Amino acid sequence: MNDSKEQAIKSTTCEFTYDWYRNFLQGLNDADRNFTTYDGEIETGDVLLRHDVDLSVERAVRMAEIEAAEGVQATYFLLVTTKMYNLLNDEVRERVSRIRSLGHNIGLHFSTHQYYEEEPRTKSLVKRIEIERQIFKMATGIPVDTVSFHIPPDWVLRQSFDDFVSTYEERFFSEISYRGDSNQRWRNDPPFDSGYPEKLQILVHPGLWGENDREFEDCVHRAVDNVAESVDTFANRQYIEDELSG
Ligand SMILES: [Zn+2]
């Protein structure tokens, strides 16, 4: 293989760094793509950029800042039921506000796995989602009308619901192309090797990205370590230090 060919392949190889992500956004901007939201019709040239916040709200803020600097708007989906962060906690609420203040949208990341092992009645599912949307709004003050399912089971794919928009509705797949970075699969399969599709939905998990490139499992461990440290600091301040001074 000659050097220039090797270079061309290298340039499309995905590294999970903020530098790579910035270039990725700039490429879409240079191709005149328009970043849009889930509540309207998708036109030619539109991009739905979505983030499922599984591991770290802190990293979601960092990503939101990079996007804002590039003039890019995204939708951030947050979990109510995760052990990784608590939407009622003051630091988390501030981070969610910060993402919103940067011009992004917020949605509910809903885990069916918390409630169901197999397909429930639609009525039950819709009720659970309604409860979580209410909790979300009460916790953050933000109404959430768009839902993204966490590790979606087959029975939510291509389904539509009356009360909210689902990112897995038929129209977001049959009419537009989809590129997702789940499990860092872009390492072996870069998202735009064959050019930019005309209509596009992109899923990016903020917890898989950083200043330096790290493998998927490292990213998960890093997030767990950060949660442990944060709980440790919280508990020390709240119980041990207060005990000594009190
Ligand atoms: Zn998820």
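Predicted model: local features only at pLDDT ≥ 70, side-chain atom pairs only at ≥ 80, totals over all residues.
Local features need pLDDT of at least 70 and side-chain atom pairs count only at pLDDT 80 or more, while totals for chains, interfaces and linings use all residues. Residues are numbered from 1 along each chain as its sequence is written.

User: How many helices and strands does the protein have?
Analyst: Elements are DSSP runs numbered from the N terminus, with helices being H or I of at least four residues and strands E of at least two. The secondary structure comes to 7 helices and 8 strands.

User: What is the radius of gyration of the protein?
Analyst: The radius is taken over C-alpha atoms, and the globule rule is 2.2 Å times the number of residues to the power 0.38. For 246 residues a compact globule would be near 18 Å, and the protein agrees with this at 19 Å.

User: Is helix 3 roughly parallel or roughly antiparallel to helix 4?
Analyst: Axes are lines fitted to C-alpha atoms, for helices over the stretch in contact, and angles run from 0 to 180 degrees between N-to-C directions. Helix 3 (residues 57–69) and helix 4 (residues 90–101) pack at about 20°, with axes 9 Å apart. Angles under 35 degrees count as roughly parallel, over 145 as roughly antiparallel, 65 to 115 as roughly perpendicular and the rest as oblique. Helix 3 is therefore, relative to helix 4, roughly parallel.

User: Which residues of helix 4 make the contact with helix 3?
Analyst: Contact requires C-beta atoms, placed from the backbone, within 7 Å. Helix 3 contributes Val57, Glu58, Ala60, Val61 and Ala64. From helix 4 come Val92, Arg95, Val96, Arg98 and Ile99.

Key:
Contact = placed C-beta atoms within 7 Å.
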